[in-house]
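Thanks for coming. I will go through some charged side-chain pairs today. Please have the sequence and the structure open.

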Amino acid sequence: MTQATGTLAATYEDRPIGLWTDALRRMRRSPAAIIGVTIVGLFVLMAIFAPFLAPFEPTRGTLADSYLPPSPEHWFGTNIQGQDVLSRIIFGARLTLGIAVLSVVIGVAVGGLLGALAGYFRGWVDSVIMRGVDIMLAIPGLLFAIAVVTYLGRGFVQIAVAIAILNVPIFARLLRASLLSLSEADYVIAARSVGVAGPTLLIRHMLPNAVSPLIVQGTLALATAVVDAAALGFLGLGPPDPGTPEWGTMLSDTYRYLNNAVYLAFFPGIAIVISVLGFNLLGDGMREALDPKLRR
Amino acid sequence: MTAAATAAGAPEPVGQPLLRTDQLRVHFPITEGIIFERRVGAVRAVDGVSLDVHRGETLGLVGESGCGKSTFARAVIRLLDATDGRIIFDGTDVTTLRGDALRRMRRRMQMIFQDPYASLNPRMTIGSMLAEPLRVHQIASGKQAAKRAQQLVEIVGLPRNAINRYPHEFSGGQRQRAGIARALAVQPEFIAADEAVSALDVSIQAQIINLLADLQREFNLTYLFIAHDLSVVRHISDRIAVMYLGEVVELSPSRQLYDRPLHPYTVALVSAVPIPDPKVETRRKRMILRGDVPSPANPPSGCRFHTRCWLRRELGDPERCVSETPELRQMAPGHGVACHFAEELAGQDRRDELVAAAAEHSDARKTDDADVVAPTDIEPPPEAPEHFMSGDAAQH
């Protein structure tokens, strides 16, 4: 026996490989995930360095320059107010990504908390929370968001909150389901049999193993949030100042001129599609990398 | 010494048992309705099991999948609540212990799980997993706990650097060693090994069984050893209890159970174990049980085995099997059998005759409707019991 373990020990590297390191390694081997990371990374960089990247100020323009087609000076052309579309898309990334991230953070926090409460306490707590979740899921998403924005008023945070509310039931269900199945997992039972109880069991043994589906869903929710934010903007529920560059708002400003200025709708649309694609690829890549069934 | 040596002629131990269950029942309610749940029945997973486990011995528990052996172990360890009956551990009734008292009791009884891939937390290093019980029970913390974890890792034969590693970096056998180390961490007196080797390769099984035997000697452990593989159980057990549909049908010293099985179910199980001698093996009569285990939610009346009993068929379907529930009767010192007609099997010649007749009948049926004939769930071990000790044991 000792002989056997001696040889086995020699086959190991000295540095322990954590699960996250392992997942990262597998993600690096997936082309889809790499494309996703690249796209998302580019959009994030674009948002951060918008003032340096944008050739013009997004809100300044003269009417003399309105409806200029794409040219070396204005790559994506100009809109009715003569504002540079490229600059507006670059600055628009800030708002869109900001709303997406904030809404997912709120959604994960609130939904996760509700899900954890339901999955941990079970019984009537579970029933009450889950029936509430069912009710929320029964309401059509975008209508609900419109109602929330109308009620709270227009603005960055309000839009994020409205989209977050759509996410809450999804995350609550997800975490509750993970916790319920984990509570029957051998290692959780083993921890109980060793004497670990209550909150320690939840925090040390259950939650760390329940987060990976939450992370995957969170990434995919970013994509949905981008679409939702654009939809709200398109419907006129974007930022209160119409001058603020926002992809959805930009789309709705231009659809009347589609006949003679397609590029006005084309570029913001492409920005939305590519960013959504990036988040989806990233989410799928993470799902594969974090799936315990693909390990061993 | 080998575990087989103690198993050979173990007399009935005397004195107070370390663990005693008295008519233990674990029923799972079957409910209907979503909001207002109504109880419409119960799965009687464990239905009146009374067993004693004596200090230092290994009690084997065998039976088909779904016969309630794992449920029994979990109830004994108090991971499941008993529906009825009592669990007495070292003179204390632990059936309804809660809170702190239960936690203190957990120090003395531990469990080893079946699936080494499912029983270790993938987000914890082996070291923190081993230190956790020490902290929970305030045995040690910090440096001391780390030192103890290192000790445990070495005791179970894992590489020294295992404490900084995650479970997914280990093979099945090594993970099972880690699981054993966790069970040992609190220095328990009693360990329930629930199919501890069933998920492992045969060569690894031998290593783990030998490890368990070594640990038993070193730390004076008492085992409840559950398996569906008779040759594995035989190897490590002093006494063996055979379970069928939530009840114990035979309890006997391990050697006797193989040489002189008295319950028709046990006879069928023993006949399914291959013999590592090709000459004998070809002549071996296999008793094939027909059909599936009946549902524990609606067990048959009288003797629960009567629906599949070959002896009953040979004896011309006596009415008593259906109408009267057999008690566990003492047929020999320490050898209990729950069968009305166990006497028929007591004599060697008569037993051989009956077995041969039944085997013939089941062979005849096999050709008639092959797909209906299901062998028992007991998986024939690919290797013989004697081989467990060879090779690996020599290294000790």
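A:R176 is partly exposed, at 22% relative accessible area; with a 1.4 Å probe and protein chains only, buried means under 20%, exposed over 50%, and partly exposed in between. This is a predicted model, where local features need pLDDT of at least 70, side-chain atom pairs count only at pLDDT 80 or more, and totals for chains, interfaces and linings use all residues. Residues are numbered from 1 along each chain as its sequence is written, chains are lettered from A and ligands numbered from 1 in the order in which they are written, and side-chain values use heavy atoms, without hydrogens and water.

The partner of A:R176 is A:D126, in a salt bridge of 2.6 Å, N to O; the term means a side-chain nitrogen of Lys or Arg within 4 Å of a carboxyl oxygen of Asp or Glu. A:R176 sits in helix α8 (residues 156-182) and A:D126 in helix α6 (residues 123-138) of chain A, so the bridge ties together parts 50 residues apart in sequence. Helices here are DSSP runs of H or I, at least four residues, and strands are runs of E, at least two, numbered from the N terminus. A:D126 is buried, at 11%.

Now chain B. B:R108 forms a salt bridge with B:D90, with 2.6 Å between the closest N and O atoms. B:R108 lies in the loop between α3 (99-106) and β6 (109-112), and B:D90 in the loop between β4 (84-89) and β5 (92-93), so parts 18 residues apart are tied together. B:D90 is partly exposed, at 26%.

B:R108 also meets B:E189 in a salt bridge, 2.6 Å from N to O.
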